[in-house]
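Student: Could we go through the helix geometry of this model together, setting each value against its definition?

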Amino acid sequence: MAIATTATIRPEEAAHFGKLAADWWDPKGASAMLHRLNPVRLGFVRDAIDAHWQGDSRAAKPLAGKRALDVGCGAGLLCEPLARLGAEVTGVDAAEENVAAARLHAGGAGLTIAYRHGDVAELGLTGFDLVTAMEVIEHVADKAAFVRALSGALAADGLMVLSTPNRTPQSRLLLVEGAERLGAIPRGTHHWDDFVTPEELSALLTEANLIMGEPRGIAWSPGKGLHLSDNLALNYIVTATRS
């Protein structure tokens with residue numbers, strides 16, 4: 001979870017997530033919710049990859065020969081599965097502590113992932129087949145600049161995947177007032193006013209010459225836990241491609 005351009009970086013956000021770095025890979029620690037969320041996001045990403053490149057859904061490495069960039073990578077929770085899917089992966093994060101933790105974990109897992117600390121726009125990263133930014137845009141100050149930076153990193157025929165909480169009464173109640181107060185998410189993680197609605201995200205992507213796909217909700221129920229849904233009230237995930 002990090003930030004992209006100098007104009008968008010919030011130092012307090014980078015500091016908040018940097019403090020979680022040592023605990024990031026503990027499925028029962030402060031990032032436990034991300035560990036539960038990650039398989040849901042990965043399922044969507046895999047389906048999007050297969051649809052975009054018309055690949056075989058049974059293939060073990062559908063990203064072989066492709067370059068993937070995860071912006072706001074944290075300690076590498078998404079980067080590592082993308083590498084296992086065959087991609088040459090680069091992860092970018094605003095918190096140096098996260099980058100250090102990501103490098104350490106990838107090394108222990110025997111994975112080669114290029115982790116970078118800083119501003120995605122200033123790092124000169126371009127031509128990526130897949131660009132992802134999961135639960136990131138709600139943490140940036142200049143959302144339009146952030147989306148433009150993502151667009152600039154994307155190859156002409158590439159695929160982008162974004163996920164973010166929706167700004168609804170339900171997300172205020174459950175994600176901010178509920179989950180944070182109950183300790184399911186570290187206090188101070190979410191600021192409801194910064195959440196982005198699907199309509200707002202679509203407009204931001206259009207301004208960056210991208211077309212947003214049909215959003216899918218990430219919902220929660222006692223029986224299913226976190227799962228993909230038609231209900232966008234809490235959180236949603238979308239693809240974007242060149243217009």
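Student: Why are α5 and α7 called oblique to each other?

Tutor: The axes of helix α5 (residues 143-153) and helix α7 (residues 198-207) cross at roughly 55° and come within 9 Å. Angles under 35 degrees count as roughly parallel, over 145 as roughly antiparallel, 65 to 115 as roughly perpendicular and the rest as oblique, and α5 and α7 are therefore oblique. The model is a predicted one, in which local features need pLDDT of at least 70, side-chain atom pairs count only at pLDDT 80 or more, and totals for chains, interfaces and linings use all residues. Residues are numbered from 1 along each chain as its sequence is written, and side-chain values use heavy atoms, with hydrogens and water left out.

Student: What makes up the contact of α5 with α7, by class?

Tutor: With contact meaning heavy atoms within 4.5 Å, K143, A144 and V147 in α5 meet L204, L205 and E207 in α7. By class, this contact has four nonpolar, no polar and two charged residues.

Student: Where in α2 does a kink lie?

Tutor: The kink, of about 30°, lies at N38, shortly before the proline P39; the bend is the angle between axes fitted to the seven residues ending at a residue and the seven starting there.

Student: Which residues does K61 contact, leaving aside its neighbours within four places in sequence?

Tutor: K61, in the loop between α2 and β1 (67-71), is in contact with R84, L85 and G86. The C-alpha atoms of K61 and L85 are separated by 4.2 Å, although these residues are 24 residues apart along the chain.

Terms used. Helix = DSSP H or I, 4+ residues; strand = E, 2+ residues; numbered from the N terminus. Axes fitted to C-alpha atoms, helices over the stretch in contact; angles between N-to-C directions. Nonpolar A, V, L, I, M, F, W, Y, C, P; charged D, E, K, R; others polar.
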